Amino acid sequence: MIEELLMAAAGAGAAVAVYAGVAARVVKQYERGVVFRFGRLRDEVRTPGFTMIVPGVDRLHKVNMQIVTMPVPAQEGITRDNVTVRVDAVVYFKVVDAAEALVRVEDYKFAVSQMAQTSLRSIIGKSDLDDLLSNREKLNQGLELMLDSPAIGWGVQIDRVEIKDVSLPETMKRSMARQAEADRERRARVINADAELQASKKLAEAAQAMSGQPAALQLRLLQTVVAVAAEKNSTLVLPFPVELLRFLERATPGPEGRDAVAAQGQDQEATPPPISSAYLKGAADAAAGVEPVEDLTGASVEPAPREEGTA
């Protein structure tokens with residue numbers, strides 16, 4: 001009798017252990033358990049931890065509640081300004097209602113992927129090329145709204161949508177490069193012209209300040225010579241200020257002045273200078289101290305008259 005009771009207890013224990021092994025389930029922290037009993041959805045969603053189901057009656061489906069990163073395949077389309085581009089994106093979404101994600105849609109991941117590709121093509125056709133390249137934040141918001149509207153009914157929430165890359169044809173890349181180069185050259189010319197204008201104004205102010213002091217021009221000339229000589233060139237180019245030429249021109253007499261100087265010189269040559277009294281006294285003293293010299297020529301000899309009959 002005791003043996004039969006022990007055998008029955010052992011059998012019951014084994015049956016309970018088998019039942020517990022079959023009915024026991026563990027739901028992870030990032031999952032939620034959805035139970036279908038005879039195909040009908042149970043209202044209670046199993047939370048993370050240990051849970052039990054009725055074997056053969058209940059069926060437990062675990063739904064991942066983590067954020068899913070889904071790349072959207074590159075879509076090729078034509079923009080509103082008739083430019084062929086190839087755009088790819090990435091979608092971040094998560095399940096907020098596990099029961100709705102299982103009941104409302106067959107495969108919510110595939111549904112979100114197809115909807116993202118369709119929405120991306122639609123965005124390409126509605127946007128200009130400049131918007132795709134420079135105004136991506138606005139396009140990302142538009143894509144997120146287009147995806148979030150139907151996804152809410154599926155128990156899925158779109159967390160974020162990002163356009164990763166926009167591929168352009170090679171001809172379009174070269175055209176954009178030429179446009180950017182021309183724009184940079186235009187800005188460089190404007191900057192150079194503005195610099196020349198500012199420099200001319202400063203030079204005009206400096207010239208006005210130095211015009212009142214001629215010595216300032218000489219100092220500036222010396223500074224220029226020092227700056228040029230510091231380069232150790234074999235040829236020294238020395239600029240000559242125009243103001244210095246004007247100064248020399250004013251200092252040099254003109255044609256009338258030269259004629260007056262020449263006439264004054266002729267008058268001085270025609271009129272001997274006056275003789276001073278000291279000069280006359282000295283000449284008289286010199287004449288008195290000189291002895292008279294005898295006539296060294298002698299008597300004059302006249303030729304004798306020729307006699308007649310002599311040759």
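Mentor: Let's begin with helix α3, residues 108–126, which lies across β6, β7 and β8 and runs at about 35° to β6. Bear in mind that this is a predicted model.

Now look at the strands under discussion. β6, β7 and β8 form an open sheet of three strands, in the order β6-β7-β8, and the pairing is antiparallel. β6 (68–78) and β8 (156–167) each have a single partner strand, so they stand at the edges and one side of each is left without a neighbour in the sheet. On average, neighbouring strands in this sheet are turned by 25° against each other, if direction is ignored.

You can follow one of these pairings in detail. Strand β7, residues 84–95, is joined to β8 by 10 bridges, and the two run antiparallel.

Ser127 has its place in the loop between α3 and α4, the latter spanning 129–134. Is Ser127 buried or exposed? Its relative accessibility is 4%, and buried means under 20%, so Ser127 counts as buried. The side chain of Ser127 reaches the backbone oxygen of Ile123 at 2.8 Å. Leaving aside residues up to four places away in sequence, Ser127 touches Thr79, Arg80, Leu132 and Leu139.

Finally, here is another sheet to visit. Three strands make up this open sheet, ordered β3-β2-β5, with antiparallel pairing. Its edge strands are β3 (40–46) and β5 (58–64), each of which pairs on one side only. Here the neighbouring strands are turned by 30° against each other on average, again with direction ignored. Strand β2, residues 31–37, pairs with β5 in the antiparallel sense over seven bridges. To locate this pairing, find Val35, which stands opposite Leu60 in β5.

Note on methods: Residues numbered from 1 in each chain as written. Predicted model: local features only at pLDDT ≥ 70, side-chain atom pairs only at ≥ 80, totals over all residues. Heavy atoms only, no water. Pairing = 2+ DSSP bridges. Helix = DSSP H or I, 4+ residues; strand = E, 2+ residues; numbered from the N terminus. Axes fitted to C-alpha atoms, helices over the stretch in contact; angles between N-to-C directions. Contact = heavy atoms within 4.5 Å. Buried < 20%, exposed > 50% of the residue type's maximum accessible area, 1.4 Å probe, protein only. Polar contact = N/O pair within 3.5 Å; in protein donor to acceptor, adjacent residues only side chain to side chain.
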